[in-house]
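These are my notebook entries on one structure. I wrote down what I looked up, in the order I looked it up.

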Amino acid sequence: LYIMGTTRTRLSILNLYKRCIQSVKRIPSENHRLTYYHYTRDSFRSTNSSLNLLKRMKDAEEQLDRMNYYHSIRDQQKNPPMTNATTTNLDRPPPQVDSMKMNKIASNEATIVGNWIMKAVSFLNTKDVQLYADHLVKDGFDSIEIIEQELIPDDLDFMKKAHKRALVRYLKGREN
């Protein structure tokens, strides 16, 4: 985010950046952590006009909320709440799936995959990156590790030919 305007605005942006970096440091996977670190750093360094500054700050806050939500889910899985010994799983109602939370998780995964795609094929436009990332996540390629270990050219048939060739070339270059 390009820092313009008042001292208060600058301090708000710097505080937001600091919170984003603190959240990034909590990501357990080194690969994901590095991807998010570079994405966050580059997002805050980009020099656009102040016209869309508020929108970009709102987007950064939403990204931070998603990361913090991810951390809270991971923390809950590591430390499940204590249950009463007399309560069984049959006594409890089935867990309800919160579609908003699921959308946030899917969006977070699509962001990670989208960042990886942009790194691999930098000439793509944002619309294509979002489309490709959503498609890969829907097909189960929801992390960089899975993409780099399991993705084969046949999995990319939904892409435009030139984009597919560039991505396949990138993947082959990583194999060597």
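**Entry 1**

I began with Asp-128, which is buried, with a relative accessible area of 8%. The model is a predicted one, and I kept that in mind for every entry. The cut-off for buried is under 20% relative accessible area, so Asp-128 at 8% falls under that limit.

I then looked up the partner of Asp-128. The side chain of Asp-128 meets that of Lys-160 in a salt bridge, with 3.3 Å from N to O. Asp-128 lies in helix H5 (residues 126-138), while Lys-160 lies in the loop between helix H6 (144-150) and helix H7 (161-175), so the pair ties together parts that are 32 residues apart in sequence. Is Lys-160 buried, partly exposed or exposed? I found Lys-160 to be partly exposed, with a relative accessibility of 46%.

I noted one general point here. Side chains of opposite charge can pair when their charged atoms come close.

**Entry 2: the other salt bridges**

How many salt bridges does the structure hold? I found 3.

Glu-61 pairs with Arg-19, and their closest N and O atoms are 2.7 Å apart. Arg-19 belongs to helix H1 (residues 7-25) and Glu-61 to helix H3, so this pair ties together parts that are 42 residues apart in sequence. I checked the exposure of both partners. Glu-61 is partly exposed at 30% relative accessibility, and Arg-19 is partly exposed with a relative accessible area of 33%.

Asp-157 forms a salt bridge with Lys-164, and here the closest N and O atoms are 2.6 Å apart. Asp-157 has a relative accessible area of 54% and is exposed. The cut-off for exposed is over 50%, so the 54% of Asp-157 passes it.

**Entry 3: the chain as a whole**

I stepped back to the whole chain. The secondary structure comes to 7 helices and 0 strands. Read from the N terminus, the elements run α-α-α-α-α-α-α.

I looked up how much of the chain is buried. Of the 176 residues in the chain, 32% are buried. I also looked up how far apart in sequence the contacting residues are. Among contacts between residues at least 6 apart in sequence, 66% join residues at least 24 apart.

**Entry 4: H1 against H3**

At what angle do the axes of H1 and H3 cross? They cross at roughly 25° and come within 10 Å. That makes H1 roughly parallel to H3, because the angle is under the 35 degrees that set the limit for this label. H1 passes H3 in a left-handed crossing.

I listed some of the residues in this contact. Those on the H1 side include Ile-13, Leu-16, Arg-19 and Cys-20. Those on the H3 side include Met-57, Ala-60, Glu-61 and Leu-64. The residues of the contact divide into 9 nonpolar, 5 polar and 2 charged.

**Entry 5: H2 against H3**

Next I looked at helix H2 (residues 30-45) and helix H3 (residues 53-78). They pack at an angle of about 165°, with their axes 12 Å apart. H2 and H3 are therefore roughly antiparallel to each other. The crossing of H2 past H3 is left-handed.

In this contact, Tyr-36, Tyr-39, Ser-43 and Phe-44 in H2 meet Arg-56, Ala-60, Gln-63 and Met-67 in H3. I sorted these residues into 5 nonpolar, 2 polar and 1 charged.

**Entry 6: two buried residues**

I ended with two single residues. Thr-35 sits in helix H2. It counts as buried at 17% relative accessibility. Leaving aside neighbours within four places in sequence, Thr-35 is in contact with Ile-112, Asn-115 and Ile-144.

Ile-147 has its place in helix H6. How much relative accessible area does Ile-147 have? The value is 0%, and Ile-147 is buried. Not counting residues up to four places away in sequence, Ile-147 touches Val-113, Trp-116 and Phe-141. I also looked up the distance from Ile-147 to Leu-136, which is 11 residues away along the chain. Their C-alpha atoms are separated by 8.6 Å.

How values were computed
Residues numbered from 1 in each chain as written. Predicted model: local features only at pLDDT ≥ 70, side-chain atom pairs only at ≥ 80, totals over all residues. Heavy atoms only, no water. Axes fitted to C-alpha atoms, helices over the stretch in contact; angles between N-to-C directions. Helix = DSSP H or I, 4+ residues; strand = E, 2+ residues; numbered from the N terminus. Parallel < 35°, antiparallel > 145°, perpendicular 65-115°, else oblique. Left-handed = near helix turned anticlockwise from the far one by under 90°. Contact = heavy atoms within 4.5 Å. Nonpolar A, V, L, I, M, F, W, Y, C, P; charged D, E, K, R; others polar. Salt bridge = Lys/Arg side-chain N within 4 Å of Asp/Glu carboxyl O. Buried < 20%, exposed > 50% of the residue type's maximum accessible area, 1.4 Å probe, protein only.
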